[in-house]
Amino acid sequence: MTYRSRSPFASLSRAFSLGGATLASIVAMYSSAALADQAGTSPRETWHHDIQQGYQQLNRTTESLAKAFTPGCDALDHDAMAAHWLDAYQAWQAVRFVDFGPIEVDSRAWQLQFWPDNKNLVGSRIASRLRQETVVTPADIAAAGVAEQGFPALEYLLFDDAMTQHSLQQPNACALAQAISQHLAQVASELNRDWQAFRSHYLATDSYPEATVHAALQSLEILEDKRLGEPLGMMGAPANGYRAEAWRSDASITLATATLEGLQDHFVPGLERWLSQQHQEDLAAAFSDQLKDTLDQARQLDTGIAAGLQDDQARQQLATLYLEVAQLRQVLGDEIAPALGIVRGFNSSDGD
């Protein structure tokens with residue numbers, strides 16, 4: 001994929017006809033911007049660096065996941081394997097808000113996580129793989145559809161009730177788990193590499209601060225409406241735990257917490273820098289405070305949505321988390337975005 005940069009230096013050639021003073025001011029402006037980036041003081045520099053840290057963590061955890069399967073499955077420790085899977089899945093959730101740049105290449109986000117899965121394609125496709133006579137290879141998974149490639153596919157092998165009849169120690173199941181984990185590691189490695197190469201384009205393109213805020217806002221909208229609202233019955237239809245992500249492992253709130261932690265680590269520092277430049281420190285504090293409250297509520301839950309819907313107290317806690325996320329979304333979308341001059345002329349609920 002070719003990233004076309006609208007170079008800020010293109011305006012320099014037009015400035016020659018405007019006189020030396022104008023040219024000098026433009027040169028000074030862009031020199032200052034370049035020095036700010038080098039010093040790590042610009043929002044874009046901060047965001048690129050922090051997101052890079054998130055992609056590196058995703059790369060490391062998926063490598064560990066793939067290595068855990070490398071020796072084979074004869075002596076597999078299911079709990080240890082599930083822990084590797086959850087670590088890597090949380091690392092993905094932390095950078096899931098980034099919906100532009102290298103993640104768009106070859107539908108990488110879908111390769112990492114096919115969801116929503118309203119037709120249970122993950123279940124049907126993985127069950128079909130387990131029934132086939134030939135042992136699956138990494139090349140088979142690389143060429144397969146996204147329902148067979150990502151964290152939900154591996155979740156089926158680790159947690160679905162059907163696996164009581166298909167032990168991971170069986171050759172087919174073991175080979176399938178190995179192939180999926182290797183594919184996850186490959187996608188994460190390429191994503192980490194390409195984000196690093198994306199740096200110059202990200203830093204040179206004026207629209208990316210706005211795009212980064214849009215991405216974070218859309219992440220919160222998806223969290224509120226689809227990941228919490230729909231399974232909790234807040235969107236007009238009855239509550240249904242099977243509409244939650246990671247319902248097989250009941251890890252939906254663990255993953256939601258990782259998303260919020262990712263925003264705290266990889267989005268908030270750059271946002272605070274931008275707001276500080278605009279003398280809007282009060283809005284930065286409001287967002288950070290609300291994010292802390294939302295995280296505190298998420299961390300109080302010791303259950304996911306699927307199990308939580310069966311318990312009145314947990315259900316109330318889940319409803320409170322939903323409201324906290326809604327308030328966080330409101331601060332970013334209704335207060336911070338206008339203060340930064342960001343016009344929400346898009347349907348940010350599309351595309352998950």
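**Helix packing and ring pairs in a predicted model**

Let me start with a single side chain: Tyr242 has a relative accessibility of 60%, and because that is over 50%, the residue counts as exposed.

The protein has 16 helices and zero strands, and of its 352 residues, 50% are buried. If we take the contacts between residues at least 6 apart in sequence, 78% of them join residues that are at least 24 apart.

Now, back to the rings. The count of aromatic pairs in this model comes to 18. In one of these pairs, the ring centres of Tyr242 and Trp247 are 4.8 Å apart and the planes stand at 80°, so the pair is described as edge-to-face. While Tyr242 is exposed, Trp247 has a relative accessibility of 29% and therefore counts as partly exposed. Elsewhere, ring pairs join Tyr55, Phe100, Trp195, Phe198, Tyr202 and Tyr208 into a cluster.

Let me turn to how helices pack. Two packed helices are described by the angle between their axes and by the distance between those axes.

Take helix α11, residues 208-232, and helix α16, residues 312-339, whose axes come within 10 Å and cross at roughly 155°. An angle over 145 degrees counts as roughly antiparallel, and that is therefore how α11 and α16 run relative to each other. Their crossing is left-handed. On the α11 side, the residues that meet α16 include Val213, Leu217, Leu220, Glu224 and Leu228, and on the α16 side, the residues they meet include Leu318, Tyr322, Val325, Arg329 and Leu332. Taken together, the residues of this contact between α11 and α16 divide into 14 nonpolar, two polar and four charged.

A second pair is helix α6, residues 121-131, with helix α9, residues 171-197; here the axes come within 9 Å and cross at roughly 130°. That angle makes α6 oblique to α9, and the crossing of these two helices is right-handed. In this contact, Ile126, Arg129 and Leu130 of α6 meet Asn172, Ala173, Leu176 and Ile180 of α9. The residues of the contact divide into five nonpolar, one polar and one charged.

How many of the nine residues of α8 are buried? Eight of them are, and the helix is mostly covered. The buried residues are Phe151, Pro152, Ala153, Leu154, Glu155, Tyr156, Leu157 and Leu158, a list in which Glu155 also has its place. What covers them includes α3, α4 and α5, together with α6 and α9.

My last stop is Ala142, which is found in helix α7, residues 138-142. With a relative accessible area of 47%, Ala142 is partly exposed. Leaving aside residues up to four places away in sequence, Ala142 touches Gln149 and His183.

Note on methods:
Residues are numbered from 1 along each chain as its sequence is written. This is a predicted model: local features need pLDDT of at least 70, side-chain atom pairs count only at pLDDT 80 or more; totals for chains, interfaces and linings use all residues. Side-chain values use heavy atoms; hydrogens and water are left out. Axes are lines fitted to C-alpha atoms, for helices over the stretch in contact, and angles run from 0 to 180 degrees between N-to-C directions. Helices (H or I, at least four residues) and strands (E, at least two) are DSSP runs, numbered from the N terminus. Angles under 35 degrees count as roughly parallel, over 145 as roughly antiparallel, 65 to 115 as roughly perpendicular and the rest as oblique. A crossing is left-handed if the near helix is turned anticlockwise from the far one by less than a right angle, and right-handed if clockwise. Contact means heavy atoms within 4.5 Å. Ala, Val, Leu, Ile, Met, Phe, Trp, Tyr, Cys and Pro count as nonpolar, Asp, Glu, Lys and Arg as charged, and the others, Gly among them, as polar. Rings of Phe, Tyr and Trp (its six-membered ring) pair if their centres lie within 6.5 Å; planes under 30 degrees apart count as stacked, over 60 as edge-to-face and the rest as tilted. Buried means under 20% relative accessible area, exposed over 50%, partly exposed in between (1.4 Å probe, protein chains only).
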